[in-house]
Amino acid sequence: MACSFHFVPFLLLLTLLLLITSASSTAALASMHSSSEEDTASNATSARVRPGKELLKYKRIRALLKKLNKPSLKTIQSPDGDLIDCVPSHLQPAFDHPKLKGQKLLDPPERPKNSNLTIAGSSRVGEVVVQAWHAAGEECPEGTVAIRRTTEKDLLRASSLRRYGRKPARRNIRRDSTSSDHEHAVGYVNNENYYGAKASVNVWSPRIGDPSEFSLSQIWVISGSFGNDLNTIEAGWQVSPELYGDSNPRFFTYWTTDAYQETGCYNHNCRGFVQTTNKIAIGAAITPESVYNGRQFDITLMLWKDPKHGHWWLELGPGMVVGYWPSYLFTHLAHHANMVQFGGEVVNTRPSGSHTATQMGSGHFPGEGFDRAAYFRNLQVVDWDNSLIPAANLKLLADHPACYDIQGGSNSYWGSYFYYGGPGRNVKCP
(Lines give C-alpha, C1' and ligand atoms only; values in the text may rest on other atoms or scores of the structure.)
Protein backbone atom coordinates (compact mmCIF):
# COMPACT_ATOMS: atom_id res chain seq x y z
CA MET A 1 0.00 0.00 0.00
CA ALA A 2 2.83 2.33 0.87
CA CYS A 3 4.52 1.78 -2.50
CA SER A 4 1.27 2.30 -4.40
CA PHE A 5 0.60 5.55 -2.47
CA HIS A 6 3.98 7.04 -3.40
CA PHE A 7 4.00 5.78 -7.03
CA VAL A 8 0.71 7.46 -8.15
CA PRO A 9 1.74 11.01 -7.15
CA PHE A 10 5.08 10.44 -8.91
CA LEU A 11 3.25 9.51 -12.17
CA LEU A 12 1.03 12.57 -11.81
CA LEU A 13 4.07 14.81 -11.26
CA LEU A 14 5.89 13.30 -14.25
CA THR A 15 2.83 13.82 -16.48
CA LEU A 16 2.53 17.42 -15.31
CA LEU A 17 6.20 18.09 -16.07
CA LEU A 18 5.83 16.61 -19.57
CA LEU A 19 2.80 18.79 -20.23
CA ILE A 20 4.65 21.95 -19.09
CA THR A 21 7.70 21.09 -21.21
CA SER A 22 5.53 20.43 -24.26
CA ALA A 23 3.69 23.70 -23.83
CA SER A 24 6.99 25.60 -23.48
CA SER A 25 8.38 23.96 -26.62
CA THR A 26 5.23 24.76 -28.57
CA ALA A 27 5.35 28.38 -27.43
CA ALA A 28 9.02 28.62 -28.35
CA LEU A 29 8.34 27.17 -31.79
CA ALA A 30 5.43 29.53 -32.29
CA SER A 31 7.59 32.42 -31.21
CA MET A 32 10.35 31.39 -33.60
CA HIS A 33 7.86 31.01 -36.47
CA SER A 34 6.34 34.40 -35.71
CA SER A 35 9.79 35.98 -35.54
CA SER A 36 10.73 34.34 -38.82
CA GLU A 37 7.60 35.70 -40.49
CA GLU A 38 8.35 39.18 -39.11
CA ASP A 39 11.94 38.97 -40.38
CA THR A 40 10.72 37.85 -43.80
CA ALA A 41 8.23 40.69 -43.92
CA SER A 42 10.91 43.11 -42.75
CA ASN A 43 13.32 41.88 -45.42
CA ALA A 44 10.63 42.20 -48.08
CA THR A 45 9.94 45.74 -46.90
CA SER A 46 13.67 46.48 -46.92
CA ALA A 47 13.89 45.11 -50.46
CA ARG A 48 11.19 47.52 -51.51
CA VAL A 49 13.09 50.34 -49.78
CA ARG A 50 16.27 49.74 -51.87
CA PRO A 51 18.69 47.88 -49.54
CA GLY A 52 22.45 48.05 -49.78
CA LYS A 53 23.83 49.29 -53.09
CA GLU A 54 20.40 50.34 -54.31
CA LEU A 55 19.87 52.51 -51.24
CA LEU A 56 23.29 54.10 -51.71
CA LYS A 57 22.54 54.77 -55.38
CA TYR A 58 19.19 56.29 -54.44
CA LYS A 59 20.89 58.61 -51.93
CA ARG A 60 23.40 59.67 -54.59
CA ILE A 61 20.58 60.35 -57.04
CA ARG A 62 18.74 62.51 -54.51
CA ALA A 63 21.93 64.44 -53.74
CA LEU A 64 22.67 65.01 -57.44
CA LEU A 65 19.10 66.15 -58.13
CA LYS A 66 19.37 68.64 -55.28
CA LYS A 67 22.62 69.93 -56.74
CA LEU A 68 21.30 70.27 -60.32
CA ASN A 69 17.75 71.49 -59.70
CA LYS A 70 17.68 74.93 -58.13
CA PRO A 71 14.72 76.57 -56.40
CA SER A 72 12.37 78.07 -58.99
CA LEU A 73 9.80 80.86 -58.95
CA LYS A 74 7.64 79.05 -61.49
CA THR A 75 7.51 75.71 -63.31
CA ILE A 76 6.10 75.26 -66.82
CA GLN A 77 4.83 71.87 -68.01
CA SER A 78 5.89 71.27 -71.61
CA PRO A 79 3.58 69.25 -73.91
CA ASP A 80 6.46 66.80 -74.48
CA GLY A 81 6.66 66.01 -70.76
CA ASP A 82 9.57 68.26 -69.80
CA LEU A 83 9.39 70.50 -66.76
CA ILE A 84 10.91 73.93 -67.32
CA ASP A 85 11.93 75.67 -64.10
CA CYS A 86 12.11 79.47 -63.99
CA VAL A 87 15.18 79.81 -61.74
CA PRO A 88 16.40 83.17 -60.39
CA SER A 89 19.41 83.94 -62.55
CA HIS A 90 21.87 84.10 -59.63
CA LEU A 91 20.80 80.63 -58.41
CA GLN A 92 21.58 78.73 -61.63
CA PRO A 93 24.26 75.98 -61.34
CA ALA A 94 27.04 78.16 -62.79
CA PHE A 95 26.81 80.47 -59.79
CA ASP A 96 27.98 77.66 -57.51
CA HIS A 97 31.46 78.54 -58.81
CA PRO A 98 33.42 80.68 -56.29
CA LYS A 99 34.33 83.23 -58.99
CA LEU A 100 30.65 83.95 -59.68
CA LYS A 101 29.28 84.10 -56.14
CA GLY A 102 27.77 87.50 -55.43
CA GLN A 103 28.13 88.67 -59.04
CA LYS A 104 25.38 89.73 -61.41
CA LEU A 105 24.71 88.55 -64.95
CA LEU A 106 26.81 90.28 -67.57
CA ASP A 107 25.17 92.25 -70.34
CA PRO A 108 25.85 90.88 -73.83
CA PRO A 109 28.95 92.41 -75.38
CA GLU A 110 29.28 93.98 -78.80
CA ARG A 111 28.19 91.49 -81.44
CA PRO A 112 30.59 90.73 -84.30
CA LYS A 113 30.62 93.20 -87.18
CA ASN A 114 28.41 92.14 -90.09
CA SER A 115 26.49 89.77 -87.79
CA ASN A 116 23.21 91.31 -88.94
CA LEU A 117 24.01 90.58 -92.57
CA THR A 118 22.55 87.19 -93.45
CA ILE A 119 22.40 85.27 -96.69
CA ALA A 120 18.81 84.37 -97.47
CA GLY A 121 17.91 80.71 -97.54
CA SER A 122 15.46 78.98 -99.83
CA SER A 123 11.82 80.01 -99.64
CA ARG A 124 11.27 76.50 -98.32
CA VAL A 125 13.52 77.13 -95.31
CA GLY A 126 12.05 78.50 -92.08
CA GLU A 127 14.02 79.88 -89.14
CA VAL A 128 13.45 77.96 -85.90
CA VAL A 129 13.60 79.75 -82.55
CA VAL A 130 10.76 77.77 -81.02
CA GLN A 131 10.95 75.09 -78.33
CA ALA A 132 8.24 72.62 -77.41
CA TRP A 133 7.61 74.22 -74.02
CA HIS A 134 6.61 77.52 -75.70
CA ALA A 135 3.39 75.79 -76.79
CA ALA A 136 2.21 75.92 -73.16
CA GLY A 137 1.67 79.65 -73.72
CA GLU A 138 3.59 80.61 -70.57
CA GLU A 139 6.83 82.51 -70.06
CA CYS A 140 9.44 82.67 -67.34
CA PRO A 141 9.41 85.96 -65.39
CA GLU A 142 12.07 88.61 -65.88
CA GLY A 143 15.09 88.03 -63.65
CA THR A 144 14.91 84.25 -64.11
CA VAL A 145 16.43 81.79 -66.57
CA ALA A 146 14.56 78.86 -68.13
CA ILE A 147 16.18 75.54 -67.18
CA ARG A 148 15.00 72.04 -68.06
CA ARG A 149 14.52 70.09 -64.82
CA THR A 150 16.60 66.95 -64.34
CA THR A 151 14.46 64.05 -63.11
CA GLU A 152 15.12 60.80 -61.27
CA LYS A 153 14.33 58.95 -64.51
CA ASP A 154 17.07 60.92 -66.27
CA LEU A 155 19.62 59.78 -63.69
CA LEU A 156 18.41 56.17 -63.65
CA ARG A 157 19.02 55.97 -67.41
CA ALA A 158 22.61 57.16 -67.03
CA SER A 159 25.34 54.58 -67.44
CA SER A 160 27.33 56.37 -64.73
CA LEU A 161 26.16 58.84 -62.08
CA ARG A 162 29.71 60.12 -61.68
CA ARG A 163 29.86 61.07 -65.35
CA TYR A 164 26.23 62.09 -65.72
CA GLY A 165 25.77 64.81 -68.31
CA ARG A 166 29.23 64.29 -69.80
CA LYS A 167 30.45 62.63 -72.94
CA PRO A 168 32.30 59.33 -72.50
CA ALA A 169 36.00 59.87 -71.80
CA ARG A 170 37.90 59.66 -75.07
CA ARG A 171 41.44 58.65 -75.87
CA ASN A 172 43.70 59.32 -78.84
CA ILE A 173 41.67 62.27 -80.14
CA ARG A 174 43.19 63.21 -83.46
CA ARG A 175 43.30 66.58 -85.20
CA ASP A 176 41.04 65.28 -87.97
CA SER A 177 38.37 64.54 -85.29
CA THR A 178 38.32 60.76 -85.70
CA SER A 179 38.23 58.24 -82.87
CA SER A 180 37.30 54.60 -82.50
CA ASP A 181 33.69 55.01 -81.40
CA HIS A 182 32.82 58.57 -82.49
CA GLU A 183 32.27 59.09 -86.21
CA HIS A 184 32.10 62.44 -87.95
CA ALA A 185 31.26 64.21 -91.18
CA VAL A 186 32.58 67.76 -90.79
CA GLY A 187 33.84 70.84 -92.52
CA TYR A 188 36.68 72.60 -90.72
CA VAL A 189 39.19 75.46 -90.90
CA ASN A 190 42.47 75.48 -88.99
CA ASN A 191 44.98 77.87 -90.53
CA GLU A 192 44.25 81.05 -88.52
CA ASN A 193 43.40 82.33 -85.06
CA TYR A 194 39.63 82.32 -84.61
CA TYR A 195 37.40 84.29 -82.24
CA GLY A 196 34.05 82.73 -83.09
CA ALA A 197 31.86 81.10 -85.74
CA LYS A 198 28.38 81.26 -87.22
CA ALA A 199 26.24 78.95 -89.37
CA SER A 200 22.68 77.79 -90.05
CA VAL A 201 21.86 74.07 -89.77
CA ASN A 202 18.57 72.34 -90.51
CA VAL A 203 16.95 70.32 -87.73
CA TRP A 204 16.07 66.62 -88.04
CA SER A 205 15.13 63.70 -85.81
CA PRO A 206 17.56 60.93 -86.83
CA ARG A 207 16.88 57.35 -85.74
CA ILE A 208 19.12 56.12 -82.91
CA GLY A 209 20.14 52.46 -83.20
CA ASP A 210 20.98 51.88 -79.54
CA PRO A 211 19.77 53.91 -76.50
CA SER A 212 23.35 54.52 -75.35
CA GLU A 213 24.23 56.24 -78.65
CA PHE A 214 23.52 59.77 -79.87
CA SER A 215 23.48 61.78 -83.06
CA LEU A 216 24.25 65.49 -83.10
CA SER A 217 24.91 68.41 -85.42
CA GLN A 218 26.92 71.30 -84.03
CA ILE A 219 29.65 73.92 -84.20
CA TRP A 220 32.92 73.17 -82.40
CA VAL A 221 35.27 76.02 -81.41
CA ILE A 222 38.56 74.32 -80.58
CA SER A 223 42.00 75.11 -79.18
CA GLY A 224 44.86 73.01 -77.83
CA SER A 225 47.07 70.20 -79.00
CA PHE A 226 44.36 67.50 -79.29
CA GLY A 227 46.01 65.78 -76.37
CA ASN A 228 44.72 65.98 -72.81
CA ASP A 229 44.77 69.78 -73.00
CA LEU A 230 42.08 70.04 -75.70
CA ASN A 231 39.65 72.95 -75.10
CA THR A 232 36.28 73.06 -76.87
CA ILE A 233 32.98 74.88 -76.72
CA GLU A 234 30.12 73.31 -78.66
CA ALA A 235 26.50 74.12 -79.51
CA GLY A 236 23.85 72.68 -81.80
CA TRP A 237 21.05 70.12 -81.77
CA GLN A 238 21.20 66.54 -80.53
CA VAL A 239 19.10 63.38 -80.25
CA SER A 240 20.15 61.32 -77.20
CA PRO A 241 17.66 58.81 -75.68
CA GLU A 242 19.95 58.12 -72.73
CA LEU A 243 20.37 61.76 -71.80
CA TYR A 244 16.83 63.01 -72.46
CA GLY A 245 14.62 59.91 -72.56
CA ASP A 246 13.16 60.43 -76.05
CA SER A 247 14.04 60.93 -79.73
CA ASN A 248 13.35 64.66 -79.98
CA PRO A 249 16.04 66.97 -81.36
CA ARG A 250 17.19 69.22 -78.55
CA PHE A 251 19.20 72.43 -78.35
CA PHE A 252 22.38 71.76 -76.37
CA THR A 253 25.75 73.12 -75.30
CA TYR A 254 29.00 71.43 -74.22
CA TRP A 255 32.50 72.40 -73.10
CA THR A 256 35.72 70.76 -71.94
CA THR A 257 39.28 71.82 -71.11
CA ASP A 258 40.91 68.38 -70.92
CA ALA A 259 39.67 66.44 -73.95
CA TYR A 260 36.45 65.26 -72.28
CA GLN A 261 38.27 63.58 -69.39
CA GLU A 262 37.13 65.26 -66.16
CA THR A 263 36.03 68.81 -67.03
CA GLY A 264 32.93 70.12 -68.75
CA CYS A 265 29.42 68.85 -69.40
CA TYR A 266 26.24 69.18 -71.38
CA ASN A 267 23.96 72.13 -70.73
CA HIS A 268 23.68 72.95 -66.99
CA ASN A 269 24.90 69.59 -65.68
CA CYS A 270 27.93 71.22 -64.06
CA ARG A 271 28.91 74.75 -63.06
CA GLY A 272 30.10 76.23 -66.32
CA PHE A 273 27.78 77.87 -68.84
CA VAL A 274 26.06 81.03 -67.56
CA GLN A 275 22.58 81.51 -69.01
CA THR A 276 21.20 85.02 -69.45
CA THR A 277 17.84 84.43 -71.17
CA ASN A 278 14.43 83.44 -69.83
CA LYS A 279 13.15 82.54 -73.31
CA ILE A 280 15.31 79.54 -74.27
CA ALA A 281 15.86 76.38 -72.18
CA ILE A 282 19.06 74.53 -72.98
CA GLY A 283 18.30 70.81 -73.34
CA ALA A 284 14.67 71.45 -74.36
CA ALA A 285 13.19 70.09 -77.58
CA ILE A 286 13.25 72.12 -80.80
CA THR A 287 10.17 72.35 -82.98
CA PRO A 288 9.30 72.04 -85.81
CA GLU A 289 11.62 69.58 -87.54
CA SER A 290 12.56 69.35 -91.20
CA VAL A 291 10.50 67.00 -93.37
CA TYR A 292 12.03 64.68 -95.96
CA ASN A 293 11.01 65.95 -99.39
CA GLY A 294 9.16 68.80 -97.65
CA ARG A 295 9.61 72.03 -95.68
CA GLN A 296 13.03 72.59 -94.11
CA PHE A 297 13.60 74.31 -90.76
CA ASP A 298 16.99 75.45 -89.52
CA ILE A 299 18.54 77.20 -86.55
CA THR A 300 21.26 79.83 -86.74
CA LEU A 301 24.04 79.57 -84.17
CA MET A 302 26.74 82.11 -83.42
CA LEU A 303 29.57 81.80 -80.89
CA TRP A 304 31.99 84.66 -80.35
CA LYS A 305 34.59 85.90 -77.90
CA ASP A 306 33.97 89.17 -76.11
CA PRO A 307 36.99 91.32 -77.11
CA LYS A 308 36.91 93.16 -73.78
CA HIS A 309 36.39 90.48 -71.11
CA GLY A 310 37.27 87.33 -73.04
CA HIS A 311 34.09 85.36 -72.34
CA TRP A 312 32.61 83.18 -75.10
CA TRP A 313 29.01 84.10 -75.93
CA LEU A 314 26.26 82.07 -77.63
CA GLU A 315 23.40 83.34 -79.77
CA LEU A 316 20.51 81.29 -81.15
CA GLY A 317 18.53 82.76 -84.02
CA PRO A 318 18.43 86.45 -84.84
CA GLY A 319 19.55 88.34 -81.74
CA MET A 320 18.56 85.73 -79.12
CA VAL A 321 21.60 85.80 -76.82
CA VAL A 322 21.52 82.65 -74.67
CA GLY A 323 24.51 83.19 -72.36
CA TYR A 324 28.27 82.71 -72.07
CA TRP A 325 31.13 80.46 -71.03
CA PRO A 326 33.34 82.44 -68.60
CA SER A 327 36.95 82.81 -69.77
CA TYR A 328 38.31 81.40 -66.49
CA LEU A 329 36.97 77.95 -67.44
CA PHE A 330 39.62 77.59 -70.14
CA THR A 331 43.34 77.47 -70.75
CA HIS A 332 43.90 77.75 -74.52
CA LEU A 333 40.46 79.18 -75.27
CA ALA A 334 41.16 81.96 -72.80
CA HIS A 335 43.05 83.47 -75.76
CA HIS A 336 41.60 82.25 -79.08
CA ALA A 337 40.67 79.14 -81.05
CA ASN A 338 42.93 77.54 -83.61
CA MET A 339 40.25 75.42 -85.25
CA VAL A 340 36.52 75.60 -86.02
CA GLN A 341 34.43 72.59 -87.07
CA PHE A 342 30.88 72.38 -88.42
CA GLY A 343 29.03 69.11 -88.92
CA GLY A 344 27.68 65.88 -87.52
CA GLU A 345 28.82 63.27 -84.99
CA VAL A 346 27.42 59.90 -83.93
CA VAL A 347 28.45 57.33 -81.35
CA ASN A 348 28.99 53.85 -82.80
CA THR A 349 28.96 51.17 -80.09
CA ARG A 350 28.82 48.42 -82.75
CA PRO A 351 25.74 46.69 -81.31
CA SER A 352 25.62 42.98 -82.20
CA GLY A 353 29.16 43.31 -83.58
CA SER A 354 28.16 45.32 -86.66
CA HIS A 355 28.19 49.05 -87.42
CA THR A 356 25.41 50.99 -85.72
CA ALA A 357 22.22 51.90 -87.56
CA THR A 358 22.19 55.30 -85.84
CA GLN A 359 21.56 57.96 -88.45
CA MET A 360 23.40 61.25 -88.92
CA GLY A 361 21.52 64.35 -90.03
CA SER A 362 18.43 63.32 -91.99
CA GLY A 363 19.65 59.74 -92.28
CA HIS A 364 20.25 60.26 -96.01
CA PHE A 365 23.49 60.75 -97.91
CA PRO A 366 24.49 64.26 -99.03
CA GLY A 367 24.14 63.36 -102.70
CA GLU A 368 20.35 63.54 -102.31
CA GLY A 369 20.63 67.31 -101.88
CA PHE A 370 18.13 69.90 -100.69
CA ASP A 371 14.85 68.73 -99.08
CA ARG A 372 16.38 65.34 -98.34
CA ALA A 373 19.87 65.69 -96.87
CA ALA A 374 21.01 67.64 -93.80
CA TYR A 375 23.01 70.81 -94.44
CA PHE A 376 25.08 73.61 -92.94
CA ARG A 377 24.92 76.92 -94.79
CA ASN A 378 26.46 80.39 -94.57
CA LEU A 379 29.58 79.16 -92.74
CA GLN A 380 31.47 82.06 -91.19
CA VAL A 381 34.20 82.68 -88.64
CA VAL A 382 35.05 85.68 -86.44
CA ASP A 383 38.50 87.19 -87.01
CA TRP A 384 40.85 89.19 -84.75
CA ASP A 385 38.90 92.40 -85.51
CA ASN A 386 35.58 90.91 -84.25
CA SER A 387 34.35 90.72 -87.83
CA LEU A 388 32.36 87.86 -89.36
CA ILE A 389 34.00 86.66 -92.56
CA PRO A 390 33.38 83.63 -94.82
CA ALA A 391 35.03 80.39 -93.68
CA ALA A 392 37.74 80.29 -96.33
CA ASN A 393 39.76 77.19 -97.25
CA LEU A 394 37.13 74.89 -95.74
CA LYS A 395 38.28 71.27 -95.59
CA LEU A 396 35.75 68.43 -95.69
CA LEU A 397 36.22 65.15 -93.81
CA ALA A 398 34.11 62.01 -93.42
CA ASP A 399 35.62 59.37 -91.12
CA HIS A 400 33.61 56.59 -92.76
CA PRO A 401 32.10 57.89 -96.03
CA ALA A 402 30.27 54.60 -96.72
CA CYS A 403 28.32 55.23 -93.50
CA TYR A 404 28.18 59.04 -93.31
CA ASP A 405 29.46 61.34 -96.06
CA ILE A 406 29.87 65.05 -96.82
CA GLN A 407 29.78 67.21 -99.98
CA GLY A 408 30.30 70.97 -100.11
CA GLY A 409 30.20 74.02 -102.29
CA SER A 410 29.79 77.81 -102.37
CA ASN A 411 27.38 80.20 -104.08
CA SER A 412 25.91 83.66 -103.67
CA TYR A 413 22.70 82.20 -102.26
CA TRP A 414 24.05 80.09 -99.38
CA GLY A 415 27.64 81.28 -99.13
CA SER A 416 29.92 78.44 -98.07
CA TYR A 417 27.83 75.32 -97.39
CA PHE A 418 27.79 71.52 -97.32
CA TYR A 419 25.39 68.59 -97.17
CA TYR A 420 26.31 65.76 -94.80
CA GLY A 421 25.04 62.62 -93.05
CA GLY A 422 23.87 59.11 -93.83
CA PRO A 423 22.05 56.03 -92.56
CA GLY A 424 24.88 54.28 -90.75
CA ARG A 425 24.75 50.52 -91.29
CA ASN A 426 24.00 49.58 -94.91
CA VAL A 427 25.35 47.15 -97.53
CA LYS A 428 28.50 49.26 -97.95
CA CYS A 429 28.81 49.98 -94.22
CA PRO A 430 28.63 46.57 -92.53
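This is a predicted model: local features need pLDDT of at least 70, side-chain atom pairs count only at pLDDT 80 or more; totals for chains, interfaces and linings use all residues.

Let me start inside. The largest nonpolar core has 52 residues, and within that core Ile219, Trp325 and Tyr420 touch the most other members. Apart from it there is another core, of 25 residues, which includes Leu65, Trp220, Ile222 and Leu243. As background, nonpolar side chains tend to be buried together in soluble globular proteins.

Next, the overall picture. The chain has four helices and 19 strands. Of its 430 residues, 50% are buried. Take the contacts with a separation of 6 or more: 75% of them join residues 24 or more positions apart.

Now the rings. How many aromatic pairs does a search of the whole structure find? The search gives 17. I will take two of them.

One is Phe252 with Tyr266, an edge-to-face pair at 5.8 Å centre to centre, with 65° between the planes. Phe252 belongs to strand β9, residues 250-256, while Tyr266 sits in the loop between β9 and β10, so this pair ties together parts that are 14 residues apart in sequence. Are these two residues buried or exposed? Phe252 has 0% relative accessibility and counts as buried. Tyr266, at 3%, counts as buried as well.

The other is Phe376 with Tyr420. Their ring centres are 5.5 Å apart and the planes meet at 55°, so the pair is classed as tilted. Here the partners are both in strands: Phe376 in β15, residues 374-382, and Tyr420 in β19, residues 415-421. The pair therefore ties together parts that are 44 residues apart in sequence. Phe376 is buried, at 0% relative accessibility. Tyr420 is buried too, with a relative accessible area of 0%. You will remember Tyr420 from the largest nonpolar core, as one of the residues that touch the most other members.

Rings also join up in a group. Which residues do ring pairs link into a cluster? They are Phe370, Tyr375, Trp414, Tyr417 and Tyr419.

One last item, on a charge and a ring. Lys167 lies over the face of Tyr254, 5.1 Å from the ring centre.

To go back over the main points: there are two cores to look at, one of 52 residues and another of 25, and there are 17 aromatic pairs in the whole structure. That is what I have.

Terms used
Residues are numbered from 1 along each chain as its sequence is written. Side-chain values use heavy atoms; hydrogens and water are left out. Helices (H or I, at least four residues) and strands (E, at least two) are DSSP runs, numbered from the N terminus. Buried means under 20% relative accessible area, exposed over 50%, partly exposed in between (1.4 Å probe, protein chains only). Contact means heavy atoms within 4.5 Å. A nonpolar core is a set of buried Ala, Val, Leu, Ile, Met, Phe, Trp, Tyr and Cys residues joined through side-chain atoms within 4.5 Å. Rings of Phe, Tyr and Trp (its six-membered ring) pair if their centres lie within 6.5 Å; planes under 30 degrees apart count as stacked, over 60 as edge-to-face and the rest as tilted. A charge sits over a ring if NZ of Lys or CZ of Arg is within 6 Å of the ring centre and within 35 degrees of the ring normal.
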